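These are my notebook entries on one protein chain. I record what I looked up, entry by entry.

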Amino acid sequence: MKKITTLLLAGLFAIPASAATLDIEVHGVQSEKGSLVINVYDNKKTWMEEDQQDIFKQHIVPLKGALKDGVLATEIDIPEGEYALHIYQDWDDNKEMDSNWIGIPKEPVATSNNAKGSMGPPSYKDAKFKVDATGAKQVVNIVEI
Ligand SMILES: [Ca+2]
């Protein structure tokens, strides 16, 4: 019996206990043009950088046929931890958040916790949230700035 218990425990620990599901609802999507790009960051050093190596995880959802009353619902499998999301509607599907010459986004944007910046982009501190073993949910509004 003891042996079986040990085996069971070993089996349990072999499963990555840290896998969790992050549910994301993006409200206020105005059109089905392009894709929704969800960039997940796990530290403030790389926050909002667009190089692939700076992004912890990227999740791209084509919008055609994916909206329900202007809401896009999706989920990401992610280890437990602390994260912040930067989301934009990539109208032209060029995998970049287009912005004007002073850096103001030209495509609709959203941030986890609906964090807002004052005179600049929102901070990692305001946007960060925890994902524990039971997962997490973020409901955000996407807006044109
Ligand atoms: Ca773009």
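**Entry 1: the loop residues.** I began with Met-48, which I found in the loop between strand 2 and strand 3 (57-62). Helices (H or I, at least four residues) and strands (E, at least two) are DSSP runs, numbered from the N terminus. Phi of Met-48 is near 70 degrees, a positive value in a residue that is not glycine. Met-48 is partly exposed because 19 other C-beta atoms lie within 10 Å. For this term I noted the cut-offs: a residue is buried with 20 or more other C-beta atoms within 10 Å of its own, exposed with 12 or fewer, and partly exposed in between, the C-beta atoms being placed from the backbone.

I then turned to Asn-114, located in the loop between strand 6 and helix 2. Phi of Asn-114 is near 55 degrees, again a positive value in a residue other than glycine. Asn-114 has 16 other C-beta atoms within 10 Å and is therefore partly exposed.

**Entry 2: the source.** I noted that this is a predicted model, in which local features need pLDDT of at least 70 and side-chain atom pairs count only at pLDDT 80 or more, while totals for chains, interfaces and linings use all residues. Residues are numbered from 1 along each chain as its sequence is written.

**Entry 3: the whole chain.** I listed two helices and eight strands. From the N terminus on, their order is α-β-β-β-β-β-β-α-β-β. The chain has 145 residues, of which 23% count as buried. I also looked up contacts (C-beta atoms, placed from the backbone, within 7 Å). Among contacts with a separation of 6 or more, 71% join residues 24 or more positions apart.

Entry 4: Which order do the three strands of the open sheet follow? I recorded the order 4-1-8, with mixed pairing. Strand 4 and strand 8 (136-141) each have a single partner strand, so one side of each has no neighbour in the sheet. The twist from one strand to the next averages 20 degrees. Two strands pair if DSSP finds at least two bridges between them. Strand 1 and strand 4 run antiparallel and are joined by eight bridges. Val-26 stands opposite Leu-72 in strand 4.

**Entry 5: Ile-76.** I located Ile-76 in strand 4. With 19 other C-beta atoms within 10 Å, Ile-76 is partly exposed. Beyond its neighbours within four places in sequence, Ile-76 is in contact with Leu-22, Ile-24, Val-40, Lys-57 and His-59. Lys-57 is 19 residues from Ile-76 along the chain, and their C-alpha atoms are separated by 9.0 Å.

**Entry 6: the core.** I looked up the largest nonpolar core, which has 24 residues. Such a core is a set of buried Ala, Val, Leu, Ile, Met, Phe, Trp, Tyr and Cys residues joined through C-beta atoms within 7 Å. Val-26, Ile-38, Leu-85, Ile-87 and Ile-142 have the most contacts inside the core. Elements that give two or more residues to this core include strand 1 (19-27), strand 5 (81-90) and helix 2 (124-127). Residues up to four places away aside, Leu-85 touches Ile-38, Asn-39, Val-40, Thr-111, Ser-112, Ala-127 and Gln-138.

**Entry 7: Lys-130.** Is Lys-130 buried or exposed? Lys-130 counts as exposed because it has 9 C-beta neighbours inside 10 Å. Lys-130 lies in strand 7 (residues 129-131). Setting aside neighbours within four places in sequence, I found Lys-130 in contact with Glu-82 and Ala-136. Lys-130 and Glu-80 are 50 residues apart in sequence and 7.6 Å apart in space, C-alpha to C-alpha.

How values were computed:
Two residues are in contact if their C-beta atoms, placed from the backbone, lie within 7 Å. Axes are lines fitted to C-alpha atoms, for helices over the stretch in contact, and angles run from 0 to 180 degrees between N-to-C directions.
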